[in-house]
Every structure is written in structure tokens, then in C-alpha cells.
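This report describes selected features of a predicted model.

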Amino acid sequence: PGEFRKLLAEYEQEGITTSVLAVGTTSDPDAELLREVASLGKGNILFTDDAEELPRLFTQDTMSVARNTFLVGENGEPIPG
């Protein structure tokens with residue numbers, strides 16, 4: 001558990017983001033740790049108290065990441081997908 005900061009830093013260097021989808025609420029005892037993981041991972045954090053919402057949250061997070069992702073050519077210009 002103590003190594004997660006180092007691991008997230010390595011992920012960031014490789015262009016990997018880490019989002020957190022949590023079953024619980026923002027007032028749960030571990031919520032602050034989960035916020036830190038998402039923040040250090042440059043990802044999103046989404047809470048739900050209903051596990052049946054997880055597929056929707058995964059989709060929401062995936063769409064958020066996809067909107068921010070694009071291919072770049074050698075000249076730095078976006079390549080149409």
C-alpha cells in the first residue's frame with residue numbers, strides 16, 4: 001500500500017491515468033485515500049452506493065478519457081481518428 005504513490009508516478013511518466021470507481025460514499029473512512037489515488041493518477045473519482053451503477057460509471061469514465069485522447073503526428077498536429 002505504501003508504494004502506490006511511486007507506482008502512480010511511474011504510470012504518469014508512461015502517460016497512464018488511474019481513475020477510481022468506488023462503491024460507497026464520499027464520507028466513507030477511505031474516501032480521502034481514494035481521492036488521493038485518483039488525483040495522483042490524473043484520473044477521475046466516481047462514488048456510488050449502488051453496485052449496479054458500476055457499468056454506467058465505467059462507461060462515463062471511459063468516455064471522459066476518450067474525449068481527452070487523440071493521436072498526434074510528427075509535426076504535433078492531431079491525426080483524425
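Two residues are in contact here when they have heavy atoms within 4.5 Å of each other. In the predicted model, and leaving aside neighbours within four places in sequence, Leu 57 is in contact with Leu 21, Leu 46, Phe 47 and Thr 48. Leu 57 belongs to helix H3, which spans residues 54-67. Leu 57 counts as buried because its relative accessible area is 3%, under the 20% cut-off. Between Leu 57 and Val 20 there are 37 residues in sequence, and their C-alpha atoms are 10.0 Å apart in space.

Val 20 is part of strand E1 (residues 18-23), where the side chains alternate.

Strand E1 pairs with strand E2 (residues 42-48) in the parallel sense, over 5 bridges. Together with helix H2 (residues 31-40), E1 and E2 form a right-handed β-α-β unit. Within the strand pair, Thr 18 stands opposite Lys 42 of E2.

Lys 42, which lies in strand E2, has a positive phi of about 55° although it is not a glycine. Most residues other than glycine have a negative phi. Lys 42 counts as exposed because its relative accessibility is 54%, over the 50% cut-off.

The two accessibility values are set out below.

| Residue | Relative accessibility |
|---|---|
| Leu 57 | 3%, buried |
| Lys 42 | 54%, exposed |

Note on methods:
Residues numbered from 1 in each chain as written. Predicted model: local features only at pLDDT ≥ 70, side-chain atom pairs only at ≥ 80, totals over all residues. Heavy atoms only, no water. Buried < 20%, exposed > 50% of the residue type's maximum accessible area, 1.4 Å probe, protein only. Helix = DSSP H or I, 4+ residues; strand = E, 2+ residues; numbered from the N terminus. Pairing = 2+ DSSP bridges. Right-handed = clockwise from strand over helix to strand, strands pointing away.
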